[in-house]
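This briefing concerns a single chain and the contacts made within it. Please consult the sequence and the model shown below before reading on.

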Amino acid sequence: MSQSQGNASGTIQEKAQYHLSSLDKELSRYPALNSFEAQTSVPKVYVVLGLGALYFFLVFFNIAGEFLVNTAGFAIPAYYSLEALFSSGKADDSQWLTYWVVYAFLTVLESAVNAVYWFPFYYVFKFVFIIWMALPQTGGAQIVFRSLIQPLFARFFEGSSGSTSANLRNQADKATGKSL
């Protein structure tokens with residue numbers, strides 16, 4: 001093995017170790033995982049990565065693929081939606097409302113097309129797409145909303161008096177005494 005190959009693999013190992021320690025630090029916020037690690041002596045990082053790999057394996061080979069993908073598309077965003085509703089900020093409310101509108105639209109479209117029979121590895125692509133839409137860092141739901149749903153439905157929410165959905169929300173806030 002040449003010197004440059006040894007350095008490259010060392011760099012990959014260092015990067016992998018850095019990401020594992022970052023994930024471990026993030027997972028340390030969850031008491032249940034810390035307790036599990038203390039009881040079993042299995043690092044929580046390995047448990048989470050193993051479960052994630054198993055989950056993806058099951059989706060990839062379509063072993064309960066529909067159930068697993070729909071669970072990922074519902075359970076995780078539902079948790080963060082509830083968290084957003086209990087927070088005082090409105091930015092996260094808007095993000096999750098957009099996600100649910102896009103998710104509902106695509107679910108109805110999917111049931112009408114019955115796409116699972118037309119595309120190989122459909123649930124793998126749907127899983128990646130759902131995760132992309134749900135992650136706030138990617139803004140996927142916003143992108144789908146602005147490029148697909150908004151152009152289709154904006155005309156139904158723009159009345160002759162110029163009452164857009166934002167204006168309707170402001171009017172509702174004023175009516176309930178929640179002025180901005």
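The buried residues of helix α4 are G65, L68, V69, A72, G73, P77, A78, S81 and A84, where buried means under 20% relative accessible area, exposed over 50% and partly exposed in between (1.4 Å probe, protein chains only). These residues pack against α3 (44–60), α5 and α6. The model is predicted: local features need pLDDT of at least 70 and side-chain atom pairs count only at pLDDT 80 or more, while totals for chains, interfaces and linings use all residues. Residues are numbered from 1 along each chain as its sequence is written, and side-chain values use heavy atoms, with hydrogens and water left out.

- Helices (H or I, at least four residues) and strands (E, at least two) are DSSP runs, numbered from the N terminus.
- The expected span of a helix is 1.5 Å times one less than its number of residues; for the 21 residues of α4 this gives 30 Å, which agrees with end C-alpha atoms 30 Å apart.
- Within α5, the buried residues are D93, W96, T98, Y99, V102, Y103 and E110.
- The buried residues of α5 pack against α4, α6 and α7, contact being defined as heavy atoms within 4.5 Å.
- N114 follows α5 and has a positive phi, near 55°.

**The nonpolar core**

- A nonpolar core is a set of buried Ala, Val, Leu, Ile, Met, Phe, Trp, Tyr and Cys residues joined through side-chain atoms within 4.5 Å.
- The largest such core has 20 residues, and V59, V69, Y99, I130 and M133 are those with the most contacts inside it.
- Two or more residues of this core come from each of α4 (65–85), α5 (91–113), α6 and α7 (140–153).
- Helix α6 gives the most to the core, with 7 residues.
- Leaving aside residues up to four places away in sequence, V69 touches Y55, V59, Y123, K126, F127 and I130.

- K126 is placed in helix α6 (residues 122–134).
- With a relative accessible area of 10%, K126 is buried.
- Residues up to four places away in sequence excluded, K126 touches V69, N70 and E110.
- The K126 side chain makes a polar contact of 2.9 Å with the side chain of N70; a polar contact is a pair of N or O atoms within 3.5 Å, where within protein one must be able to donate a hydrogen and the other to accept it, and residues adjacent in sequence count only if both atoms are side-chain atoms.
- A further polar contact, of 3.0 Å, joins the side chains of K126 and E110.
- On the same exclusion of residues up to four places away in sequence, E110 touches A115, Y122 and K126.

**Salt bridges**

- A salt bridge is a side-chain nitrogen of Lys or Arg within 4 Å of a carboxyl oxygen of Asp or Glu, and by this rule there are 4 salt bridges.
- One of them joins the side chains of D24 and K44 (3.4 Å, N to O).
- Because D24 lies in helix α1 (residues 3–27) and K44 in helix α3, this pair ties together parts that are 20 residues apart in sequence.
- K44 also forms a salt bridge with E37 (2.6 Å, N to O), and D24, E37 and K44 are linked in a network of salt bridges.
- E110 lies in helix α5 and K126 in helix α6, so the pair ties together parts that are 16 residues apart in sequence.
- Both E110 and K126 are buried.

**Annotated transmembrane regions**

- An unreviewed UniProt entry annotates residues 97–117 and 123–145 as "transmembrane region"; UniProt positions are given in the numbering used here, feature names are shortened, and annotations may be inferred rather than shown by experiment.
- Residues 97–117 are 81% helix and 0% strand, with end C-alpha atoms 30 Å apart.
- Residues 123–145 are 78% helix and 0% strand, with end C-alpha atoms 21 Å apart.
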